[in-house]
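Let's take a walk through the charged side chains of this structure, pair by pair. Have the viewer ready and follow along.

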Amino acid sequence: MLIGEVARRSGVSARMLRHYESLGLVRPSGRTDSGYREYCDEDIRRIFHIESLRSLGLSLREIERALHDPGFTPSALVGDLIRQARERIAAETELLTRLGRIDAAEPSGWEDVLQVVALLQALGSPSAADRQRAALSSAGEVPLPVEALVEAALDETDPHVAGALRWALARSGDGGAELLAKGLDSPVAAVRERAVRCLAELPGGEATEPLLGALAHSDAVVRACAATALGNRGVADAVPALIDMIVEGRNDTDAADALSFLASGTAMADRITAEVAGLLADDGTPAAARGRLTQALAGIPGAAASRVLAGLSHDAERAVALTATYLLRLREAR
């Protein structure tokens with residue numbers, strides 16, 4: 001079979017076949033009377049072997065070794081090829097992500113593109129100061145895409161930079177809450193906490209749904225942060241979780257403040273008072289928790305809370321009785 005026919009059947013150009021021959025990878029078995037290269041079936045099989053190895057990413061030098069070295073074993077080389085392929089995929093994925101974020105910023109010109117690239121690079125800088133400046137600059141004329149801000153916020157360990165990123169996310173518009181909600185499912189506790197803190201600072205109602213879902217989270221830190229945020233937004237569903245925080249002594253001052261905010265209406269004030277009073281009357285409630293619950297009644301307005309405090313002023317636990325008496329005097333002085 002002549003070189004032209006081999007090229008048509010194998011898909012390998014005649015030029016490449018000559019190159020293979022010059023490297024000693026494959027040599028035609030014979031020549032015609034006119035001096036043309038003539039390939040046999042074994043030559044064709046070798047060409048297909050070469051192409052198969054090339055499809056795996058082997059260089060021609062590596063292919064030559066594989067075909068000519070009888071002691072060659074593929075395991076180490078295949079392992080290297082796997083590593084190289086993964087590195088290429090990671091690099092291409094990173095590039096694709098960066099391009100997608102530049103596109104999401106909707107740049108109007110190359111100056112905008114360069115600005116977004118500079119901000120993205122700064123967000124990934126090892127310098128906390130650079131990361132903070134990038135976060136604070138992201139609300140400019142060409143804002144960073146919310147995806148980049150969320151990724152940076154969930155990874156950030158410096159408290160000052162984290163605060164700047166939460167500020168930037170709060171001004172980034174819609175879309176952040178859904179991405180941050182995925183962070184609540186992270187296996188890393190610190191990432192879950194960063195996600196819920198970012199959600200807590202998002203304005204408007206976008207974050208309400210994921211925060212409500214976080215009230216049942218297995219992570220107590222996530223539950224507490226979500227409950228406090230919802231309470232300060234006036235969401236009544238947070239009341240049980242806030243009371244649990246007071247009983248447990250977990251951010252109980254913040255929880256009491258949120259309950260006080262929720263209790264601005266008479267009906268809600270009476271509901272909160274009733275739930276707190278029920279726990280105070282429960283023999284299973286620890287003494288320290290009863291003290292915190294009594295203190296929490298200080299921020300609950302209305303006659304119902306005053307009546308509970310009046311009863312507690314005669315409580316068998318001296319600390320509870322003294323706290324209730326003091327709070328009653330404060331109410332009477334108003």
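Helices here are DSSP runs of H or I with at least four residues, strands are runs of E with at least two, and both are numbered from the N terminus. Arginine 131 and glutamate 156 are both buried; buried means under 20% relative accessible area, exposed means over 50%, and partly exposed lies in between, using a 1.4 Å probe and protein chains only.

Before going further, a word on the model: it is predicted, so local features need pLDDT of at least 70 and side-chain atom pairs count only at pLDDT 80 or more, whereas totals for chains, interfaces and linings use all residues. Residues are numbered from 1 along each chain as its sequence is written, and side-chain values use heavy atoms, leaving out hydrogens and water.

How many salt bridges does a search of the whole structure find? The search finds 15. One of them joins glutamate 21 to arginine 31, whose closest N and O atoms are 3.8 Å apart. Because glutamate 21 lies in helix α2 (residues 14-23) and arginine 31 in strand β1 (residues 30-31), the pair ties together parts that are 10 residues apart in sequence. Glutamate 21 is buried, at 18% relative accessible area, and arginine 31 is partly exposed at 46%.

Now turn to helix α3 (residues 41-55), where glutamate 42 and arginine 45 both lie, 3 residues apart, about one turn of the helix. These two form a salt bridge as well, and their closest N and O atoms are 2.5 Å apart. Glutamate 42 is partly exposed, with 47% relative accessibility, and arginine 45 is also partly exposed, with 44%. There is a network to look at too: salt bridges link Glu5, Arg8 and Arg9.

Our last stop is arginine 192, found in helix α11 (residues 189-201). Its relative accessible area is 15%, so arginine 192 is buried. Setting aside neighbours within four places in sequence, arginine 192 is in contact (heavy atoms within 4.5 Å) with Gly183, Leu184, Ser186, Pro187, His217, Asp219 and Val222.

Conventions
A salt bridge is a side-chain nitrogen of Lys or Arg within 4 Å of a carboxyl oxygen of Asp or Glu.
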